[in-house]
Amino acid sequence: MTQALLEVSNLVKHFAVGGWRGGKAATVRAVDGVSFQITRGETLGLVGESGCGKTTVGRCILQLERPTGGRIVFDGADLTGLAQHDLRAVRRKMQVIFQDPYSSLNPRMTIGEILSEPLKVHRLVPGRAEREARVRELLLQVGLLAQHARRYPHQLSGGQRQRVGIARALAMEPSLIVCDEPVSALDVSIQAQIINLLEDLQARLGLTYLFIAHDLSVVRHISDRVAVMYLGRIMELADRRALYEEPLHPYTRALLSAVPIPDPSLEAGRERVVLRGEVPSPLNPPAGCVFHPRCPLAEARCAASVPGLREIKPGHWAACHLVDPIA
Ligand code: SF4
């Protein structure tokens with residue numbers, strides 16, 4: 001049996017907002033009962049529109065946010081019960097790659113200083129000469145040159161800066177990397193290079209990825225399985241082939257119908273599902289199925305009861321009253 005590196009069970013994260021000057025505080029239900037596992041060496045794509053809670057899931061896993069409820073077990077350790085001191089050691093094994101590495105790279109430090117700092121702070125590489133050698137190795141691993149160590153962030157292109165962001169994550173020798181929209185700010189040709197690099201590194205170093213994106217076309221290439229989120233909940237979770245070729249949930253079908261197909265004859269012949277309205281506010285999510293105000297198939301029961309995420313076929317989960325498990 002394959003072993004899960006990360007297990008997220010019924011994760012809940014609510015934020016209190018407002019309540020100033022005697023006003024009533026409101027609750028943003030950013031994540032509302034999310035569960036999934038990621039096996040060692042696997043990539044799980046987590047996809048959804050802006051504001052669906054996917055980044056909050058990533059931040060809870062990294063313990064940058066403390067969950068309101070639920071459990072996160074990483075490498076056998078329940079993070080929700082760990083003291084700060086013990087969390088520090090676990091956190092090192094979980095790293096993050098951001099959408100915009102520029103904002104997280106100190107503009108006054110050279111790339112060499114940026115990469116050697118965590119090696120020194122976490123006492124991963126003690127001597128200065130050894131640290132310089134490790135920085136060179138990290139730069140080469142991500143497709144940069146040793147000379148890049150002397151440059152400043154503003155002297156690099158967007159793609160090169162993202163490679164530095166990846167090298168900085170690798171410096172900590174992680175087992176899990178949360179990739180939070182790592183290619184969204186890059187040109188399409190550079191996106192492919194970064195995704196190929198992430199795949200190469202995974203194969204070489206045995207990394208596990210949670211790959212967060214707002215676009216199903218971006219995660220298709222890299223993901224082994226894909227989870228689709230909407231308003232704080234998982235709507236569908238399946239392996240890549242099943243999700244793209246046999247989607248079960250009306251929301252996944254609508255998202256997929258908006259992804260362009262490179263073949264003009266196929267593109268012309270397919271049906272496009274246009275969703276009505278906007279994503280409702282997580283301050284006041286709809287009752288019942290949270291997708292019901294926009295769902296083209298909604299029935300009366302959809303507004304009355306919440307559909308659970310059920311295993312419809314082996315490994316293929318969906319949360320919809322109209323999709324029944326195959327006996
Ligand atoms: Fe649509 Fe109802 Fe299914 Fe929700 S439960 S996705 S509203 S059909």
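In which sense do β6 and strand β7 pair, and over how many bridges? In this predicted model, where local features need pLDDT of at least 70, side-chain atom pairs count only at pLDDT 80 or more, and totals for chains, interfaces and linings use all residues, β6 and β7 (residues 176-180) pair in the parallel sense over 4 bridges. Residues are numbered from 1 along each chain as its sequence is written, and side-chain values use heavy atoms, with hydrogens and water left out.

Strands here are DSSP runs of E with at least two residues, helices are runs of H or I with at least four, and both are numbered from the N terminus; two strands pair if DSSP finds at least two bridges between them.

Elsewhere, helix α4 (residues 111-121) packs with helix α6 (residues 158-171) at an angle of about 20°, their axes 9 Å apart. Axes are lines fitted to C-alpha atoms, for helices over the stretch in contact, and angles run from 0 to 180 degrees between N-to-C directions. Angles under 35 degrees count as roughly parallel, over 145 as roughly antiparallel, 65 to 115 as roughly perpendicular and the rest as oblique, and α4 and α6 are therefore roughly parallel to each other. The contact (heavy atoms within 4.5 Å) involves I111, I114, L115, P118 and L119 of α4 together with V164, A167, R168 and A171 of α6.
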